[in-house]
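Trainee: I have not seen this structure before. Could we go through it by question and answer?

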Amino acid sequence: MEGFPLLSLVIFLPLLGAAIALFVPREQIGVLRALGLLASLVVFAASIALWFAFDPSNPDFQLVERAGWLPGVGISYHVGVDGISLLLVLLTTFLMPLTFLSTHGAITQRVKEFVVLMLVLETAMLGTFLALDFFLFYVFWEAMLVPMYFLIGVWGGPRRIYAAVKFFLYTMTGSVLMLLAILTLYFLSGSTATSRTFDFVELLRTPVPTTLQPWLFAAFALAFAIKVPVFPFHTWLPDAHVEAPTAGSVILAAVLLKMGTYGFLRFCLPLFPETAVAVAPLIALLGVIGILYGALVAAMQRDMKKLVAYSSVSHLGFVMLGLFAFTPESLQGSLIQMVNHGLSTGALFLLVGMLYERAHTRLIADFSGVAKLMPAYAAFFLIVMFSSAGLPGTNGFIGEFLILLGTFKADLLRLQPYAIGAGAGVILSAVYLLWMYQRIFQGPPRPAGHGEHLVELADIGPREIAILVPIVVMILWIGIYPKPFLDRTAASLDKVSQQVAVAAPARLLAGGR
Amino acid sequence: MLFVLPDLDWWAIAPILAMTITACVVLVVDLIIPRTPHQTHLAIISLIGLAITAGLSVALWDYNHTSAFGGMVAADNLSQFFNVIFVVIVAATILMSHDQLDREDFHPGEYYPLLLFSAIGMMLMASAADLIMVFLGLELLSISLYILAGFSRRRAESEEASIKYLLLGAFASGFLLYGIALVYGTAASTNLGCVGAALGQRSDFMPASCPTVASPIAAGQLPAMLLAGIGMLIVGLGFKAALAPFHLWTPDVYEGAPTAVTAYMSVAAKAAAFAAILRVFEIAFPSLVPDWSAMLAIIAIITMVVGNTVAIMQQNIKRMLAYSSIAHAGYILVAVVAANQLGAQSVLFYTLAYTLMNLGAFAVVILLGRRGEENVMLADYAGLGYRQPLLALAMAIFMLSLAGIPPTAGFVGKFFIFRAALDAGQVGLAVVGVLASVISVYFYIRVIYLMYMVEPSRELGPAPRAPWTSLAAGLAAVAVLVLGILPGWALAWAQAAVGFIS
């Protein structure tokens with residue numbers, strides 16, 4: 001495989017699929033859907049090759065490709081994969097075919113545009129995870145906004161335009177300041193025009209003056225915190241999720257939110273370790289607030305989709321807490337939890353979407369006794385819900401356990417109280433999920449809806465089962481035997497943990513291990 | 001008294017001569033050949049002349065005669081770069097106008113020559129080695145534009161635009177002239193190279209001889225007269241570039257003028273003004289960078305903030321694009337303020353990018369017009385994405401580029417502008433700039449959501465055949481994407497064009 005541009009293939013195959021889709025007549029809805037599914041399956045197959053080509057023992061970037069782009073400016077086309085990005089790339093390519101499969105009932109208008117935009121979005125997402133040049137990264141990062149804006153705005157609910165514009169403006173505000181921070185790093189990388197670079201690997205070796213570190217960290221952190229979203233930057237999320245079509249919600253929750261946490265892990269921690277350590281208590285506090293606040297607000301929702309949206313705020317609070325405890329365990333937990341959240345929340349959105357396609361309502365009060373009406377659906381819902389609540393045996397448990405363990409072990413930062421708060425969040429997540437399950441699935445069975453709009457519910461069919469089975473398999477696989485996943489992430493995450501520890505101020509290291 | 005014949009280097013002005021001959025030929029041909037409704041042959045002659053002009057400019061790359069005609073004209077790479085931009089602007093405007101001349105009841109025999117003569121003015125401004133030359137070029141440009149703005153004789157707004165532009169423009173020209181006089185009062189010359197030599201170290205642009213004056217800078221003084229002169233030059237040139245607070249004419253004139261002329265004005269006058277600003281400030285006043293860059297920095301902030309915030313409230317797309325063009329002048333000014341080679345390079349690249357995306361956007365506005373109605377309200381764009389998908393796609397590309405979203409020319413341009421600003425230590429300016437561009441995203445993506453996410457409120461009637469205008473829009477859209485993904489060659493040219501700036 002040496003020299004074969006596997007990563008470029010993975011990144012740009014979806015774009016090729018989009019280009020082909022442009023030439024399919026818009027009336028051929030079946031062909032377009034098949035093309036979208038096929039293209040995303042081919043990308044998934046290519047990323048499986050990536051999994052086998054990846055060397056778990058190597059903490060550095062692998063399968064690196066590098067070519068001059070604007071050599072005079074220090075910009076290159078530079079991509080590579082390591083233990084941090086590998087799982088997120090696979091998560092993306094794994095969910096895309098399932099998402100395409102889920103849209104047969106929901107997306108009936110403008111299918112051509114939908115397929116093209118989804119594939120363009122996939123290229124942008126994969127490019128963001130794999131880019132190792134800041135210019136390239138920023139291009140992919142911003143390019144993600146446009147297709148997502150269209151997905152929400154064209155196929156979304158009644159307030160879709162408001163939600164789409166809010167999503168665009170919020171994320172853009174964060175990212176332009178990151179652009180200035182990227183430029184500042186570029187100027188720090190050399191004293192002459194030819195020695196400066198946007199290359200991430202080279203910038204890692206550039207010492208950042210301690211006076212500048214807080215500012216640059218803040219600019220990066222704002223961009224990522226809005227994307228995650230960290231409390232109190234989360235207000236765009238419920239709007240975007242509720243208005244987006246199911247496919248948009250799945251991609252938004254499963255992948256786009258990970259861009260934020262990925263950004264913290266990839267850039268903020270290794271580039272600005274001193275500041276990261278200094279602000280860790282603050283960010284851990286925001287994480288815990290997010291966990292508790294998200295869970296409490298989720299519990300009070302009457303709309304299922306909003307409930308799942310707020311549960312995202314809660315789950316990503318865990319990830320943030322784990323990232324800023326800096327221990328190898330907590331970082332591993334965070335990374336696994338990113339994948340878990342992608343699987344379980346993605347699946348929850350798919351499940352809510354299936355119910356919505358039948359009943360055209362998402363209000364919890366409109367349902368009762370669904371378990372008797374749709375037994376297969378209820379079984380899948382139960383498993384996914386357990387995963388989301390972090391029950392042992394499911395993937396959610398592995399992630400949350402590692403995060404809490406790692407946070408308790410972070411003696412230097414004294415984050416134990418935060419871990420206790422986060423532990424309360426685990427209980428709250430069981431509360432809102434089980435309560436929702438009880439109201440929807442138990443009780444006397446009756447047609448869904450209220451007033452005169454009553455619908456008899458039919459159980460899920462083979463296509464929907466085909467969507468859910470792979471996700472449930474992954475949920476149980478990570479839950480029961482997570483070793484293959486942890487092995488592949490360990491080396492890279494240990495490296496990040498050490499980078500932070502080495503650079504951490506002496507007072508924090510004085511405590512010792 | 002001995003009369004020394006000045007150095008008549010005809011090659012140095014070859015592109016300008018070609019443009020002048022083209023304009024005259026078009027005038028004469030219109031008299032000889034009988035009229036047809038579209039007068040397509042006039043457009044074709046003009047385009048051929050433009051191609052020759054561009055060819056000559058490219059051939060004169062690295063010619064570098066900086067004081068031809070007794071120190072009046074500089075034929076360096078900066079001139080040639082802008083000459084090519086001007087040719088692109090005029091060619092695109094001719095393509096965009098051709099299909100509409102009949103509908104708008106324009107007379108092509110005057111319309112095309114006026115465009116060409118105004119282009120001569122722009123080329124003179126970009127090649128000026130003397131403040132007098134800047135003034136002459138600016139007047140030639142302005143007078144042609146005053147007439148063009150009033151070309152829709154039947155619409156009162158067009159006449160209003162013309163008169164308004166003339167009255168205010170004459171005032172601005174007065175400022176410019178007064179500024180030139182005050183600079184002359186300090187440096188005893190209007191030649192840019194001589195002024196530069198008199199005020200500081202710059203001697204590479206000096207003509208054969210300059211009047212000798214004791215440098216006031218070397219003596220540690222900065223005469224108020226000189227500062228006032230520089231301020232007035234800024235007012236005069238800033239008026240043409242539509243910088244706030246000298247922008248008040250812009251929305252009314254842009255709204256009233258025929259759309260093709262608006263498109264032309266919004267890019268042509270701005271490009272020419274920035275060419276002149278670069279020349280005047282980098283050659284004549286490099287020793288006074290802290291003074292003029294401080295003045296321009298304030299203007300840049302006001303321009304970006306005013307342009308973008310007021311654009312949000314517009315319901316008429318021509319007015320919206322007018323305010324957006326003000327904002328874009330602000331971004332370019334940020335690069336001027338940086339006052340280094342990166343900045344000058346960014347000015348050139350952004351001018352090119354802005355030219356393509358703004359002309360493209362106006363081409364779409366023109367294509368939406370119907371006989372007797374311009375359809376310039378934002379609401380007219382509702383549902384365009386499904387009625388005319390290709391047109392809407394092009395418009396979406398232009399809007400995203402104007403908003404600075406990758407992978408478009410607008411993004412690369414802004415990226416390099418803010419890089420130059422940070423290089424010069426102008427962090428505050430860069431922060432205001434990026435935040436202002438976030439504001440701008442709001443009104444650009446409004447056009448996109450109207451096109452794709454809102455049902456049309458009324459029917460506009462069948463789209464008339466407009467192959468030339470469609471060609472212009474299509475070419476601009478492709479160019480915006482190509483410049484966004486592979487900007488390397490254009491950046492290299494821009495860098496070669498500003499090699500004289502340290």
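Mentor: Start with a definition: two residues are in contact if their C-beta atoms, placed from the backbone, lie within 7 Å. Keep in mind that this is a predicted model.

Trainee: Which helix gives the most to the side of chain A that touches chain B?
Mentor: In this interface, 26 residues of chain A are in contact with 24 residues of chain B. At least two residues of that side of chain A come from each of helix H5 (134-143), helix H6 (145-155) and helix H7 (160-188). The one that gives the most, with 15 residues, is H7(A).

Trainee: How many residues on the side of chain A that touches chain B are nonpolar, polar and charged?
Mentor: The side in question is made of the 26 residues of chain A that are in contact with chain B. By class they divide into 20 nonpolar, 4 polar and 2 charged.

Trainee: Which helix gives the most to the side of domain 1 of chain A that touches domain 2 of chain A?
Mentor: The domain assignment puts 1-227 of chain A in domain 1 and 272-504 in domain 2, and the C-alpha centres of these domains lie 24 Å apart. Between them, 25 residues of domain 1 are in contact with 27 residues of domain 2. Helix H3 (83-102) and helix H9 (213-227) of chain A each supply at least two residues of the domain 1 side. The one that gives the most, with 10 residues, is H3(A).

Trainee: How are H6(B) and H7(B) directed, roughly parallel or roughly antiparallel?
Mentor: Helix H6 of chain B spans residues 108-127 and helix H7 of chain B spans residues 131-149; their axes come within 7 Å and cross at roughly 155 degrees. Angles over 145 degrees count as roughly antiparallel. Therefore H6(B) and H7(B) are roughly antiparallel.

Trainee: How many residues in the contact of H6(B) with H7(B) are nonpolar, polar and charged?
Mentor: Among the residues of H6(B) that take part are Leu114(B), Phe117(B) and Gly121(B), and H7(B) contributes residues including Val134(B), Leu141(B) and Ser144(B). By class, the contact has 15 nonpolar, 4 polar and no charged residues.

Trainee: What is the handedness of the crossing of H15(B) and H17(B), left-handed or right-handed?
Mentor: The axes of helix H15 (residues 341-368) and helix H17 (residues 389-403) of chain B come within 9 Å and cross at roughly 145 degrees. The crossing of these two helices is left-handed.

Trainee: Is Ala338(B) buried or exposed?
Mentor: Ala338(B) belongs to helix H14 of chain B, residues 317-338. Leaving aside neighbours within four places in sequence, Ala338(B) is in contact with Gly343(B), Ala420(B), Ala421(B), Asp423(B), Ala424(B) and Gln426(B). A residue counts as buried if 20 or more other C-beta atoms lie within 10 Å of its own. Ala338(B) has 30 other C-beta atoms within 10 Å, so Ala338(B) is buried.

Technical notes. Residues are numbered from 1 along each chain as its sequence is written. Chains are lettered from A and ligands numbered from 1 in the order in which they are written. This is a predicted model: local features need pLDDT of at least 70, side-chain atom pairs count only at pLDDT 80 or more; totals for chains, interfaces and linings use all residues. Helices (H or I, at least four residues) and strands (E, at least two) are DSSP runs, numbered from the N terminus. Ala, Val, Leu, Ile, Met, Phe, Trp, Tyr, Cys and Pro count as nonpolar, Asp, Glu, Lys and Arg as charged, and the others, Gly among them, as polar. Domain bounds come from an automatic or database domain assignment. Axes are lines fitted to C-alpha atoms, for helices over the stretch in contact, and angles run from 0 to 180 degrees between N-to-C directions. Angles under 35 degrees count as roughly parallel, over 145 as roughly antiparallel, 65 to 115 as roughly perpendicular and the rest as oblique. A residue is buried if 20 or more other C-beta atoms lie within 10 Å of its own, exposed if 12 or fewer, and partly exposed in between; C-beta atoms are placed from the backbone. A crossing is left-handed if the near helix is turned anticlockwise from the far one by less than a right angle, and right-handed if clockwise.
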